[in-house]
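Okay, everyone, let me put this one up on the screen.

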Amino acid sequence: MNAAVRAVVRVGIYTGAKVYFVHEGYQGLVDGGDNIKEATWESVSMMLQLGGTVIGSARCQDFRTREGRLKAARNLVKRGITNLCVIGGDGSLTGADTFRAEWSSLLDELVKGGGITAEEAKKSSYLNIVGMVGSIDNDFCGTDMTIGTDSALHRIMEIVDAITTTAQSHQRTFVLEVMGRHCGYLALITALACGADWVFIPESPPEDDWEDHLCRRLTETRLGGSRLNIIIVAEGAIDKHGKAITADDIKTLVVKRLEYDTRVTILGHVQRGGTPSAFDRILGSRMGVEAVMALLEGTPDTPACVVSLSGNQAVRLPLMECVQVTKDVTTAMNEGRFEDALKLRGRSFLNNWNVYKLLAHIRPPSTKSGYTLAVLNVGAPAAGMNAAVRSTVRIGLIHGHRMLAVHDGFEGLAEGKIEEISWERVGSWTGLGGSKLGTKRTLPKKYFEEISINISNFGIHGLVIIGGFEAFTGSLELMEGRAKFEELCIPLCVIPATVSNNVPGSDFSIGADTALNTITTTCDRIKQSAAGTKRRVFIIETMGGFCGYLATMAGLAGGADAVYIYEERFNIHDLQVNVEHLTEKMKTTVKRGLVLRNERCNENYTTDFIYNLYSEEGKGVFDCRKNVLGHMQQGGTPTPFDRNFGTKMGAKAVAWITGKIKECTRHGRIFANTKDSACLLGMRKRSLVFQPLTELKEQTDFEHRIPKEQWWLKLRPILKILAKYNIELDTTEKAHLEHVTRKGIALESNI
């Protein structure tokens with residue numbers, strides 16, 4: 001929430017508006033006085049890394065009465081405030097809409113009672129409202145992610161990872177209760193991200209004989225060699241008849257029937273606290289900018305709207321439509337229409353649920369497909385690779401394929417480091433960083449002959465290649481080799497996994513979110529290390545090759561003053577402007593400066609050069625420190641996003657490749673030689689799409705190993721405005737008002 005508050009204040013001031021803080025939510029609006037204070041640029045510095053909300057929040061009974069709303073209206077009119085930005089859940093947003101609908105009648109009443117003059121009423125004739133959804137449950141329909149959800153998932157996964165280690169040592173069963181009275185999102189994503197044995201969510205109650213099914217499931221897992229069981233329960237979990245299913249009920253059942261050592265952990269308010277994740281800070285900042293734009297463009301006729309993200313696109317949605325659909329879900333659940341409830345939750349919820357059911361509840365069939373798939377990792381390790389391998393293997397086995405694991409990338413494929421891999425073997429892989437299969441940057445061109453022999457010897461019918469830019473270029477080489485080696489004429493699918501996020505055809509790659517969070521928390525710590533000392537500027541170098549994604553996004557999440565990247569060329573004049581700008585800023589109450597530099601942004605303006613420049617020019621005002629973050633950015637446990645993303649990508653890749661193999665089979669032989677038999681699976685705007693590798697060639701700058709067009713470059717101006725630069729903000733790509741109710745359920749096909 002603080003990132004959103006900071007963005008609204010700074011962008012508001014940048015556009016020339018006066019911005020006020022309303023402390024303590026609607027209560028502050030009703031009470032007025034010191035609760036409504038003008039905000040300054042400095043008043044929001046150093047708050048990005050703080051959890052909760054700096055301006056306070058409160059549940060307010062007074063605002064529910066007309067009496068309270070009259071007081072609130074008077075407080076706004078007296079200060080000339082006609083635009084309200086509300087960050088909260090559906091209750092707060094509905095309240096805001098009521099307030100807006102009553103606005104003119106409230107003013108009439110105030111004029112009659114002498115509370116305000118007719119002149120004041122005329123100046124504030126209408127009220128504009130924009131909402132941003134802040135809720136850890138992610139229960140607001142129409143938005144992909146609400147502010148706070150990702151951070152809550154980070155808290156939950158930290159705990160689940162810690163519990164998994166103790167459960168394994170003691171061979172225990174753990175029942176974990178997570179928040180979500182009416183929405184199972186947190187429970188579902190947690191279950192997907194930790195590979196839980198069972199999950200209970202309010203939207204989809206289990207069948208009536210669930211007790212038998214659950215016990216059978218737990219026994220099977222144990223017999224398969226697992227030393228632990230994890231069961232996730234949403235606090236609002238119910239059975240088909242609306243009766244609550246609690247963590248204690250489940251514990252009693254497991255202890256009574258299976259006599260397993262079982263423990264219950266209720267996570268409670270831990271989930272609401274802590275430092276916000278990088279994603280939440282960027283989400284809050286982007287939403288804040290969009291909210292100010294929406295308010296400034298508002299007229300008396302525009303409906304109150306909510307700004308949110310769909311995929312990585314900012315969208316505006318009519319507030320009351322979203323509230324209505326959100327209420328429809330609850331109604332559907334109360335009336336026992338659970339199928340409808342799942343559909344109303346939206347496309348991504350339904351997809352997550354289907355993938356979870358596949359991975360957890362469906363056992364490999366006894367009839368085999370007769371096909372063999374191989375999976376390998378290529379390039380540098382990235383967190384989340386193992387989750388992608390796990391789901392590829394398991395979904396492959398569900399399709400009846402024989403699954404092979406290739407160690408050490410294309411080199412291992414040439415040297416025959418290939419073995420069959422089982423369901424149990426990949427069981428605990430979701431939460432592991434790095435690459436369990438081993439990975440190398442070697443390209444396949446010089447090994448065509450050996451690779452062809454092994455494809456033939458092991459009877460491989462399809463390849464799933466998980467990796468970075470080398471996975472992309474290596475797969476292109478394999479396609480070129482098809483002309484000479486018939487064995488290479490098999491379908492192949494590339495899943496982008498690299499911290500640099502530089503693979504063409506995908507807005508995100510597996511591993512980039514984990515690296516971004518590592519950089520963000522490190523920047524927080526580095527900034528904090530200077531607390532109490534005099535003014536200090538930190539110069540930090542990030543990874544990414546020539547791709548400035550990590551530096552730019554970490555700059556947004558960490559509140560950087562300048563971010564130097566290869567894609568946006570800079571010269572000595574730009575450096576001078578930045579240094580002078582920062583020096584001026586440091587003469588105010590601002591005590592910390594943060595400058596990020598992508599490792600290959602410029603061969604002459606090195607990190608040392610920039611450090612020396614800032615040190616020299618800042619003499620007497622601030623001193624400098626530099627840090628090169630290095631390989632810590634490639635390590636660490638994967639974030640919930642990377643686990644989930646990897647899991648979904650693996651599942652989708654196998655479904656596609658299975659279809660392709662069938663399509664390319666003639667008289668029992670597979671011959672795949674068309675462009676669309678070698679694809680890259682990427683996240684584009686709002687959906688996962690398969691794109692032929694040859695088409696992506698046109699979109700790639702091979703010399704610098706980056707896509708020619710990158711979506712995140714459009715976020716660079718926001719970075720500069722939030723750092724107090726007076727630049728033009730290009731608002732041509734405005735988010736238009738969309739309608740929730742028309743958003744059909746286009747389910748990702750054949751997953």
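This is a predicted model: local features need pLDDT of at least 70, side-chain atom pairs count only at pLDDT 80 or more; totals for chains, interfaces and linings use all residues.

Let's start at Glu120, which is partly exposed, at 22% relative accessibility.

Next, go over to Asp608 and Lys626. Their side chains meet in a salt bridge as well, at 2.8 Å from N to O. Here again the pair links distant parts of the chain, 18 residues apart: Asp608 belongs to helix H21, residues 607-617, and Lys626 to strand E19, residues 623-628. How accessible are these two? Asp608 comes out at 40%, so partly exposed, and Lys626 at 38%, also partly exposed.

One more pair before we leave the charges. Lys619 and Glu616 form a salt bridge, 3.1 Å from N to O. Lys619 is exposed, with 57% relative accessible area, while Glu616, at 46%, is partly exposed. There's also a network to look at: Arg66, Arg69, Glu102 and Glu109 are joined through salt bridges that share partners. And how many salt bridges are there in the whole structure? The search finds 37.

Okay, rings. The count of aromatic pairs comes to 20. Take Trp353 and Tyr356: the ring centres are 6.2 Å apart and the planes are at 20°, so this pair is stacked. Both residues are in helix H13, residues 347-361, and because they are three residues apart there, about one helical turn separates them. Are they buried or exposed? Trp353 is buried, and Tyr356 is buried too.

Compare that with Tyr564 and Phe570, where the centres are 4.9 Å apart and the planes are at 40°, making a tilted pair. Tyr564 is buried, with a relative accessible area of 3%, and Phe570, at 11%, counts as buried as well.

Arg222 brings charge and ring together: its charged end sits over the ring of Tyr260, 4.3 Å from the ring centre.

Last topic, the cores. Which residues touch the most other members of the largest nonpolar core? That core has 135 residues, and the answer is Ile230, Ile232, Ile466, Tyr549 and Met553. Helix H10, residues 278-297, supplies the largest share of the core, 10 residues.

Let's zoom in on Ile232. Ignoring neighbours within four places in sequence, its contacts include Leu176, Val178, Ala187 and Thr190. Trp198, Val199 and Phe200 are among the contacts of Ile232 too. Then there's a second, separate core of 35 residues, and Val30, Val77, Val133 and Cys322 are among its members.

That's my tour, and I'm happy to go back to any of these pairs.

Key
Residues are numbered from 1 along each chain as its sequence is written. Side-chain values use heavy atoms; hydrogens and water are left out. A nonpolar core is a set of buried Ala, Val, Leu, Ile, Met, Phe, Trp, Tyr and Cys residues joined through side-chain atoms within 4.5 Å. Buried means under 20% relative accessible area, exposed over 50%, partly exposed in between (1.4 Å probe, protein chains only). Helices (H or I, at least four residues) and strands (E, at least two) are DSSP runs, numbered from the N terminus. Contact means heavy atoms within 4.5 Å. A salt bridge is a side-chain nitrogen of Lys or Arg within 4 Å of a carboxyl oxygen of Asp or Glu. Rings of Phe, Tyr and Trp (its six-membered ring) pair if their centres lie within 6.5 Å; planes under 30 degrees apart count as stacked, over 60 as edge-to-face and the rest as tilted. A charge sits over a ring if NZ of Lys or CZ of Arg is within 6 Å of the ring centre and within 35 degrees of the ring normal.
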